[in-house]
Amino acid sequence: MIPVFLKRPGVRKLLVAVLVLGFLLSLMAMVTGQARDLEPYAQRMKAYRSAMLFGMGFFLLAALYSICSGANILTFCTAVTVLYAIGVSFQILFAGYEKQLLLQAGSLVTACLVFLVWRRNRDISDAWYIALVVAALVLLMLQLFFTKELNGARLWVRIGSFSLQPGEFIKPVLVLLGAGSYRKSGRSFLYFVITLLSTAIFVLFKDLGTAVVLFCSLVLVTYLTFDSELLSLGLIGIALAAFIGVLMVSSYARTRFGNWGNVMEIPGSQQSNYIKGVLFGGFSGLGLPHAHIMTGTDRFVSTDASLAAVLGVYGTPMLLLTMLCYGLLILQAAHNRSVFPANHLVLCQVGVMIFINTMLNLCGSLDLLPFTGVTAPLISYGGSSALSFGAMLGLQAAALNPAIHPPKRRHLCTAAKN
Amino acid sequence: MYRSEKLKRALILIMVCLMILSVPACLIRVYNARDHLTLRDLIRATGKTGTITAAQGDVLFDGTAHGKDIVGNLIGSSAVTPNTIAVKYSADLVPDFSVLRGIRGLEDMEGLVLETTLLPLASQKAIADAFSGKNGACFSYNYETGAVLCMLSLPSATEDDGTATDGALMNRCLRSVYIPGSTMKVITALCALTQNPGLEHFTYTCEGSRNLPDGNTVKCMGSTAHGQLDLQNALGRSCNCYFSALAQELNVATANATLQELGFGATGNTLDRLTRTGSSTAFENNSTHSSLWSMVGQGKSAVSLIDFAMIAGAIASGGQAAQPYVVDSIRDPGDGSATYLAEPQVNQLASEPASRQMYRLWVDATDRYYRTGQSALSARITAAKSGTAQQGNGTQNRLLLGFMEGYKVAFMIVVEDVPNNDPTPARVANALAQELSK
């Protein structure tokens with residue numbers, strides 16, 4: 001039951017104004033907090049708490065607006081903006097911030113470009129599908145033949161002074177391939193083969209996190225496309241068998257799983273350092289001036305353990321806000337009113353990828369799950385990750401675009417019956 | 001797809017709930033790991049900790065290492081190696097870490113006070129200065145109570161950023177074993193007297209070198225012919241030929257049993273919570289060069305300063321010697337209550353008759369041969385035996401084993417890479433005696 005007064009255009013405009021104002025105030029508070037860290041006697045905790053409260057308030061208002069108005073695009077933008085703000089402030093601290101700021105901005109640009117291209121699409125044409133298949137195969141070729149080994153894994157391709165991760169860019173490509181496979185057997189088969197092949201390749205190249213993400217997306221699309229629990233369960237069974245086989249033959253995988261739950265017995269390990277850093281921070285975090293206690297010289301804290309670093313540096317409330325934002329993005333898939341299967345599949349796949357990346361990043365770095373090394377969307381350092389998730393968010397925004405929806409809200413069930 | 005709409009929504013809600021619940025789950029996991037925090041971690045995070053002091057109150061460590069160029073590799077520093085007091089006793093020093101407040105809860109914390117048995121820093125510095133810049137180690141302890149007075153290992157310059165001079169991070173008293181040189185003759189003599197007190201009168205005429213049954217040769221330093229010697233004079237003159245002949249008189253099984261009681265071959269040794277390496281030798285028979293040479297002081301003998309000091313202490317006190325300890329107590333500075341108190345333990349290392357017999361011989365030999373010259377020993381040093389150990393790489397170490405009965409102190413000193421007859425070990429021993437007299 002939506003109060004009548006909230007349906008008035010004037011009230012809606014007022015709410016939009018409040019949201020925008022709240023967003024600006026949040027950013028100002030965060031920037032103030034950053035600047036105050038340069039002052040030795042600044043009351044930085046007040047700045048952090050202010051920024052957190054503004055952010056949470058903005059988030060709650062946006063959620064209320066979304067629920068009341070039924071338009072969820074604004075909520076989506078709110079969550080994304082908060083995540084970007086956290087990521088930017090984080091990367092300023094830990095990474096070569098000029099480069100990462102550029103990449104984060106590039107991520108937003110990518111999201112906007114993808115949104116503009118995709119916003120009126122209701123399905124994927126054959127030409128587009130072929131182009132996506134070619135793109136997926138090119139990325140797999142890059143992964144197979146052009147990646148160099150670094151720290152025991154082959155994930156990066158060097159092109160001049162740049163490096164890119166084919167494993168990150170293949171995610172949005174496979175999302176579109178999956179989206180375009182609904183009720184088209186030929187496309188479904190292609191998607192199935194390419195995704196399965198990709199998963200196997202990334203397992204071989206010891207990028208277990210990406211392999212898990214792609215496989216879960218495959219299971220989801222298979223289930224939604226073929227409407228067959230048996231097929232999906234069969235895929236999961238095959239994956240479990242393959243997993244057991246990998247554990248038996250790969251000492252690398254055995255080491256990772258052997259350490260799971262015992263990282264504190266391995267002094268000096270990355271995960272034990274992350275856990276200790278969170279302990280040192282207590283409930284309200286270490287704060288930016290003491291962030292070095294957690295990060296030290298470990299560069300992976302800004303990628304594979306970025307959510308653990310958010311917890312350790314900014315404290316529990318900020319991590320909770322971050323997870324709420326991610327949860328809101330995933331909830332879009334539940335509240336979406338898209339009547340077009342392609343968009344529907346885009347939303348589901350993006351939601352699953354965000355979920356798995358977030359859980360593996362946070363829980364893996366704090367020893368709740370085996371450590372697999374995946375980035376946290378929009379927060380972790382890394383150009384490939386930023387651009388890849390920017391593209392997926394653009395797809396999600398396009399799928400939520402109210403402009404392509406009929407005036408009356410319809411459920412998919414109703415549309416199918418009609 | 002349509003019939004699974006409810007299932008899809010349920011799965012999405014489950015995912016969102018899992019994401020939210022992952023936060024408290026992570027907090028619980030982190031909370032359960034709090035017992036693994038060590039002093040090293042807390043120092044790294046806060047720069048603050050409890051306090052480690054010497055016996056008379058000198059602060060050796062309070063988050064910052066004091067005198068780290070003297071005792072850094074024993075006490076520890078902010079960038080510390082694992083086998084130091086600061087790390088091994090970390091949980092005892094900082095027990096009240098608040099998970100909720102984190103390091104902010106430690107801002108006003110003083111921590112507990114760990115009192116060691118060590119001499120004041122100034123005394124240790126004086127002993128360290130006697131090394132005259134050379135590398136080496138000095139271990140001395142009270143053989144009646146077990147209190148360790150000095151456990152110097154030089155160099156000991158440890159930097160806060162983890163860099164250090166080569167070999168500075170490891171305490172040689174704990175982790176190094178040395179070829180004992182002629183100091184091994186004290187042990188060989190003790191084995192002989194334990195087997196047969198009459199071997200005190202065993203004589204041998206030294207001609208500077210001696211052919212062994214296996215065709216090898218044992219030589220005295222510079223092939224000096226010492227003439228006819230008994231045990232006391234052979235000990236004083238450090239005659240290799242005599243002691244190789246004496247070793248041939250030993251019953252292998254009896255000698256090995258004595259060596260075992262003296263601590264040779266023991267594994268898993270510790271000094272308080274500090275890991276230390278034990279002594280070993282290879283007296284497999286009394287005819288081969290390898291075995292006999294090991295009982296003379298070279299060959300396969302490798303000894304710990306701590307073990308040898310304990311043996312010297314046992315000789316001084318009728319075969320009994322206390323187990324060394326360096327941590328005397330841990331107290332709350334507020335009310336003085338102790339959370340830890342050392343419990344001295346005395347063991348019988350050697351037979352009493354043999355020890356007393358050895359005591360007499362050793363003291364007489366020292367008085368006759370160690371009171372004059374550039375390596376003259378202070379009168380406070382009751383008995384001592386020097387040794388020169390060839391390292392096989394062209395260098396040699398000088399060692400000195402002894403005890404001071406007036407202070408109930410036994411000691412073992414090693415100075416690395418010095419010429420033969422270098423007087424540094426004697427200077428270090430004299431400095432030790434001087435500091436003990438204060």
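Two strands count as paired when DSSP finds at least two bridges between them. With that in hand, let's walk through this structure, which is a predicted model.

**A sheet in chain B with antiparallel pairing**

Start with strand 4 (residues 136-142) of chain B. It runs antiparallel to strand 18 of chain B, and 7 bridges join the two. If you want one pair to look for on screen, find B:Phe139, which stands opposite B:Met412 in strand 18 of chain B.

These two strands belong to an open sheet of 5 strands in chain B, with the order 5-4-18-17-16 and antiparallel pairing. Which strands stand at the edges? They are strand 5 and strand 16 (383-390) of chain B, and each has a single partner strand, so one side of each is left without a neighbour in the sheet. Going from one strand to the next, the twist averages 10°.

A helix sits against this sheet too. Helix 6 (residues 121-129) of chain B packs on the sheet and touches strand 4 and strand 5 of chain B. The direction of helix 6 of chain B makes about 45° with that of strand 5 of chain B.

While you look at any strand, keep one rule in mind: in a regular strand, side chains alternate between the two faces of the sheet.

**A sheet in chain B with mixed pairing**

Chain B also has an open sheet of 5 strands in the order 2-1-3-13-14, and here the pairing is mixed. The edge strands are strand 2 (59-61) and strand 14 of chain B; each has a single partner strand, so one side of each lacks a neighbour in the sheet. The twist in this sheet averages 25° from one strand to the next.

Strand 1 (residues 51-53) and strand 3 (residues 113-116) of chain B pair in the parallel sense over 3 bridges. Within that pair, B:Thr53 has B:Glu115 in strand 3 of chain B as its bridge partner. Strand 13 (residues 327-331) and strand 14 (residues 338-341) of chain B, on the other hand, run antiparallel and are joined by 3 bridges. There, B:Arg331 stands opposite B:Ala338 in strand 14 of chain B.

Strands 13 and 14 of chain B form a hairpin with 6 residues between the strands. In that hairpin, B:Gly336 takes a positive phi near 75°.

Most residues other than glycine have a negative phi, and most peptide bonds are trans.

A:Leu378 has a positive phi near 70° without being a glycine. You'll find A:Leu378 in the loop between helix 15 (341-365) and helix 16 (383-399) of chain A. Is A:Leu378 buried or exposed? The relative accessible area of A:Leu378 is 3%, and buried means under 20%, so A:Leu378 is buried.

B:Lys408 is another residue other than glycine with a positive phi, near 60°. B:Lys408 lies in the loop between strand 17 (396-404) and strand 18 (409-415) of chain B. With a relative accessible area of 28%, B:Lys408 is partly exposed.

Then there's a cis peptide bond between B:Leu154 and B:Pro155, with omega about 5°. B:Pro155 is in the loop between strand 5 (148-154) and helix 7 (172-175) of chain B.

**Two helices packed together in chain A**

Over in chain A, helix 5 (residues 126-145) and helix 6 (residues 166-179) pack with their axes 9 Å apart, at an angle of about 155°. Angles over 145 degrees count as roughly antiparallel, so that is how helix 5 and helix 6 of chain A run relative to each other. The crossing of helix 5 of chain A past helix 6 of chain A is left-handed.

Residues in this contact include A:Leu132, A:Ala136 and A:Leu139 of helix 5 of chain A, and A:Phe169, A:Ile170 and A:Val173 of helix 6 of chain A. By type, the contact residues divide into 14 nonpolar, 2 polar and no charged.

**The chains side by side**

Finally, consider contacts between residues at least 6 apart in sequence. In chain A, 72% of them join residues at least 24 apart. In chain B, residues 24 or more positions apart account for 66% of the contacts with a separation of 6 or more.

Key. Residues numbered from 1 in each chain as written. Chains lettered and ligands numbered in written order. Predicted model: local features only at pLDDT ≥ 70, side-chain atom pairs only at ≥ 80, totals over all residues. Heavy atoms only, no water. Helix = DSSP H or I, 4+ residues; strand = E, 2+ residues; numbered from the N terminus. Buried < 20%, exposed > 50% of the residue type's maximum accessible area, 1.4 Å probe, protein only. Axes fitted to C-alpha atoms, helices over the stretch in contact; angles between N-to-C directions. Parallel < 35°, antiparallel > 145°, perpendicular 65-115°, else oblique. Left-handed = near helix turned anticlockwise from the far one by under 90°. Contact = heavy atoms within 4.5 Å. Nonpolar A, V, L, I, M, F, W, Y, C, P; charged D, E, K, R; others polar.
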